[in-house]
Amino acid sequence: MRSTRTSRRRIGVVAVLVGLSAGVMAPASAAPAAADPTVSTASDGTVTYRDAELLDDPTTTVEGLLRTVVQEGEHGESRETTVITTDDGTVVPVALDDRVDRTEAPVVARLVDGSDLDAALDGRRADPVDVASARVEPAVAAAAVAPAPQRAYVAVVANSGNSDLDADATLEARVDPALQWWETEADEAITSFDRAGGTRRYTSSISDTTLRCGLGNPGPLWTEAAQQFPGVNFNVAGNHLVVIVSSTCAASGLGIGTMGTSISDGGLVTVKQGADTFMATLDHELGHNFGLDHASFCDPGCTSPDEYWNVYSVMGFGVSGSTWGPPALDSVYRAQLAVTDAGEIEKVGLGQSVTRSLAPRSSASGLRGIEVTDGSTSYWVEWRNGSARDANTFYQASVTDGYVLSSSRSYPYGVTVTRQATGTRDETALMARDAGGGKYPGAYAAGQTFTAGRVSVTVNSIGSAASVTVANTEDAPTTIGTPAVTGTPKVGVPLTATEGTWSPTPTAYTYRWLADGVVIAGATARTYTPDAARLAQRISVEVTAIRSGTTLGKATSAGVGPVASGTFTPGTPTVSGTAKLGATLTASTGTWTPAPDSFTYQWLADGVAVSGSTGKTFVPRAAQVGKNIAVRVSAVRPAYVSAPRTSAETVQVAPGDLVSGTPSTSGTAKVGSTLTAASGAWSPTPVFSYQWLADGSPVAGATAATFRLTAAQLGKRMSVRVQGALTGYVTASRASAQTGAVVAGTLKPATPRIIGTAKVGKRLTVSRGTWSPTPTFSQRWYANGVAISRATGSSFTLTRAQKGKTITVKVTGRRSGYTTVSRTSARTAKVG
């Protein structure tokens, strides 16, 4: 904002403020490099910026919001600079081509390393940083306003200017009404607008006193102030950083702020503390945060309006000399922010003339504004009478108390006309009338008329309401166009409307597409793509021609069709995975256009369909070993004809690999004992065969799952080799661990028994009993425990030498590989 001296009839000097708009950071527009950077825009609005001369330089990637800062120059002329604000609050000025949209746009930029970038990242004064490349996404459009709260985080720079800053409570009492003003003017779009986080008064570490005021080069101060609120992201919608500096700051202007795009946006603001200008200045800068440009003043016949001079608007001057508040928000800005009420604003179309009674713009109800458009220029008509929300404004005081800003310009009560380029967020211009003698009042009284091109605004009378007649003249069309439909009538293929030739030339067209003469809901663009519901129907389009808001006429094309089934642009299916028995192969469909609802699959082996194999995956079986595998993919979508596509074949399916288990043996490694083989867990389960090994050498004939140890294995270590065989798989074998050395077997003996009468001359016979396994036997007879000479047979005849003695027999069993075992019979009675 800037200060201006004016005179008043009775009081001496009045200061005038002008708000600056902005968008994060502030370098002047960068001059083109020797080789101009390239700027390209994708179909989704994403802008890619590349400076070939800087692409090989060392860079640092910075991500945030790309914003415009509108800074005031001399004589109230603003200038635009560009910055990137990061989520942590850092503000980096950048040198970027004017062709890049710079308002509240998400950006990822490669910034050239150097002292400028270091200074900016450290929160010090920096010249604009060169940009090697940047990707700028479209700014979020503010089509529908979703009611939401807004938050103001207030930081007070204690050592700005002469440090004459008022107490926090005093400053907060100025901030709150300014926030309340926007909550009121935005109606329900802002559900609440309150201070948040507590007022943070701090001492700036910036040594440059001008820079510490933050009005010329705001980046360092905004970066520093944002750090007073850890965790608050000022790139988030609804978050506003409000920095208050001393009114004695050396920097020119009273405020500066970033330029947003909608009532939902947040932003960064710096204002001087002056009591009489504070509210108007803060509300002006918050208006920039919401995307509002300056309100200027256009003398009759002016080519370049004087910036800021519309004091009927918050986006014009803020005026000091008393604690005046801003006027009610202009109709043009309310429409731009999409906060108008039903019945608040009426549009006058081409060829129309209406007489209406306007309520004051400051009223809360009734018709308060009229928009009339001539070509690409819109004029906004409203009545200012200093009532209600305008009761404490400078223009009201200029009427009642005689305050004067200029010897040639005045701001009386009456009907105002404001101009803006149609459909833009450009600055507005108050269209003053010529009162003669170099006098230019900003409003029209009863009996006065404003004219511009085809537009005229006549004030009929002003009383409890302002009666106005607004006319937008236009001749009736002399030629009705003949619309036509071009394109192929086919599901999924766009059709385009051609409007034909109309006279006079329309400024816009609207469209309604029809199927068999019935309107298709939602089909109102210049192009229409038939869907499945339109199959076999005939398509036509109704074109309405509009000129400056007035309908010239309607015409309907001839029908085309019937609409045929759509066809896909097929993808290229592929098969991934290893072509091997038991391994999983997976089909990828490739990219089909349009996107099918689903796909079907058929797996092929050497070109022949594999029965039952219709899933996305396929596991080759034994029957496919040695064959080449492919998949045939078909797309499914209603009203589309599918053309199946087959993938390239794999290599021949290789035999599978058995996953072998770990064989083991159980049983005792002892002659005569049986060892049993366990194959372990194999996958898949094959047919098993066995070979027993003694000290690693095959035992002839030992090929069963069990093996009984013989004397031949005595002292040897046993193991078993298990072999798995399965059709389609490579045969695999694996041996168990060896047992310990086979030990000798143990005979299971019986106790011998003597048969016969113990009497001299009688024969005694030994009954050996049953031994296991059967050994070779030997015997020895004993009389009273003493071996009888040569008595080693299986029988023994008693002699007189044994008379009176008891007889026993010891049987000894011997067998190869077994431990020799002896057993002795019980004693007989004494030999008689």
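Start by selecting domain 2 and domain 5: their centres, taken over C-alpha atoms, are separated by 105 Å. This is a predicted model, in which local features need pLDDT of at least 70 and side-chain atom pairs count only at pLDDT 80 or more, while totals for chains, interfaces and linings use all residues. Residues are numbered from 1 along each chain as its sequence is written, and side-chain values use heavy atoms, with hydrogens and water left out.

**Whole chain**

Colour the chain by domain next. The division gives domain 1 (38-136), domain 2 (295-321 + 328-473), domain 3 (478-556), domain 4 (568-651), domain 5 (657-735) and domain 6 (745-831); the bounds come from an automatic or database domain assignment.

Switch to a cartoon view: the chain has seven helices and 62 strands. These are DSSP runs numbered from the N terminus, with helices (H or I) of at least four residues and strands (E) of at least two.

Now show contacts (heavy atoms within 4.5 Å). Among contacts in the chain with a separation of 6 or more, 66% are between residues 24 or more positions apart.

**Serine 133**

Select serine 133, in strand E9 (residues 129-136). Is this residue buried or exposed? Serine 133 is buried, because its relative accessible area is 13% and buried means under 20%, exposed over 50% and partly exposed in between (1.4 Å probe, protein chains only). Of the 832 residues of the chain, 49% count as buried.

**Leucine 535**

Move to leucine 535, in the loop between strand E33 (527-528) and strand E34 (539-547). Leucine 535 counts as partly exposed, at 36% relative accessibility. Which residues does leucine 535 touch, not counting those up to four places away in sequence? They are Val491, Val563, Ala564, Ser565 and Ala639.

Finish with a distance from leucine 535 to serine 825, C-alpha to C-alpha: the two are 110 Å apart in space and 290 residues apart in sequence.
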